[in-house]
Amino acid sequence: MAEVTVTPQSSLADRPVQIRVRGLSPSQLVTLRAWLKDEQGECFQSRAFFRADGAGEVDPGLHAALGGSYSGVWPMGLLWFLQPDTLFRRLVKRDVAGSPFRVRLEVLDGLSLGTDPREQPLASCEAERWYVGPGVQRVPIREGRVRGALFLPP
């Protein structure tokens, strides 16, 4: 049975994570897909095609993507290459302190190009990407025409 994991499952957005898939057949072709919905409900996704190694595992940090949203060895490629389903949308986090982006990672059998939500993944998991660490205080700044925020460590 296939299993996909993200380590650590909850992390700051600028920190690397390790994505691994286990339990595949040796040399099996799979699609790894990452997607999330932003605060306005817009969907962003990326996908990469991989061939499992002899042990039935895929690690984007070791194995080259054969195509999709990117190709080559990019450990964080699935998160870096997220693209909007709707043209001209940008992935922007407005509520940086209150909630994380929840990124869904899925493993699909074979080469999957479709965006059919009924497509059943072999395995899936969710990762949280926070923009502010625990205990950080956000102080709004308003001075004349200057607007901003000061983030103070705990």
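Leaving aside neighbours within four places in sequence, which residues is Leu32 in contact with? In this predicted model, Leu32 is in contact with Ile19, Val21, Ser46, Arg47, Ala48, Phe50, Val58, Pro60, Leu78, Glu106 and Val107. Several of these names return in the description of the nonpolar core. The largest such core has 29 residues, and those that touch the most other members are Ile19, Leu24, Leu32, Phe50, Val58 and Leu78. Two or more residues are given to this core by each of strand E1 (3–7), strand E3 (18–22), E4, E5, helix H1 (77–80), strand E8 (101–109) and strand E9 (123–130). As a general matter, nonpolar side chains in soluble globular proteins tend to be buried together.

The loop that joins strand E4 (29–37) to strand E5 (43–51) contains Glu42. Is this residue, Glu42, buried or exposed? Its relative accessibility is 17%, and Glu42 therefore counts as buried. The Glu42 side chain makes a polar contact of 3.0 Å with the side chain of Thr86. Beyond four places in sequence, Glu42 touches Leu36, Lys37, Thr86 and Arg89.

Glu39 lies in the loop between E4 and E5 as well, and Lys93 lies in the loop between E7 and E8. Lys93 and Glu39 form a salt bridge in which the closest N and O atoms are 2.8 Å apart. Lys93 is buried, with a relative accessible area of 12%, whereas Glu39 counts as partly exposed at 32% relative accessibility. Lys93 also takes part in a contact of another kind: its charged end sits over the ring of Phe101, 5.1 Å from the ring centre.

The whole structure holds seven salt bridges. One of them joins the side chains of Arg102 and Glu128, with an N to O distance of 2.5 Å. This pair links distant parts of the chain, with Arg102 in strand E8 and Glu128 in strand E9, 26 residues apart. Arg102 counts as partly exposed at 41% relative accessibility, while Glu128 counts as buried at 16%. Asp14 and Arg15 form a salt bridge whose closest N and O atoms are 3.8 Å apart. Asp14 is exposed, with a relative accessible area of 60%, and Arg15 is partly exposed at 46% relative accessibility.

The aromatic residues remain to be considered. A pair of aromatic rings is described by the distance of the centres and the angle of the planes. A search of the whole structure finds four aromatic pairs. The ring centres of Tyr70 and Phe81 are 5.3 Å apart and their planes are at 20°, so this pair is stacked; the cut-off for stacking is planes under 30 degrees apart. Tyr70 belongs to the loop between strand E6 (67–68) and H1, and Phe81 to the loop between H1 and strand E7 (83–84), the two being eleven residues apart. Tyr70 counts as buried at 6% relative accessibility, and Phe81 as partly exposed at 25%. Trp74 and Trp80 form an edge-to-face pair, 5.9 Å centre to centre with 85° between the planes. Trp74 is partly exposed, with a relative accessible area of 35%, whereas Trp80 counts as exposed at 55% relative accessibility. Ring pairs link Tyr70, Trp74, Trp80 and Phe81 into a cluster.

Conventions
Residues numbered from 1 in each chain as written. Predicted model: local features only at pLDDT ≥ 70, side-chain atom pairs only at ≥ 80, totals over all residues. Heavy atoms only, no water. Helix = DSSP H or I, 4+ residues; strand = E, 2+ residues; numbered from the N terminus. Buried < 20%, exposed > 50% of the residue type's maximum accessible area, 1.4 Å probe, protein only. Polar contact = N/O pair within 3.5 Å; in protein donor to acceptor, adjacent residues only side chain to side chain. Contact = heavy atoms within 4.5 Å. Core = buried A, V, L, I, M, F, W, Y, C linked by side-chain atoms within 4.5 Å. Phe/Tyr/Trp six-rings, centres within 6.5 Å; stacked < 30°, edge-to-face > 60°. Lys NZ or Arg CZ within 6 Å of the ring centre and 35° of its normal. Salt bridge = Lys/Arg side-chain N within 4 Å of Asp/Glu carboxyl O.
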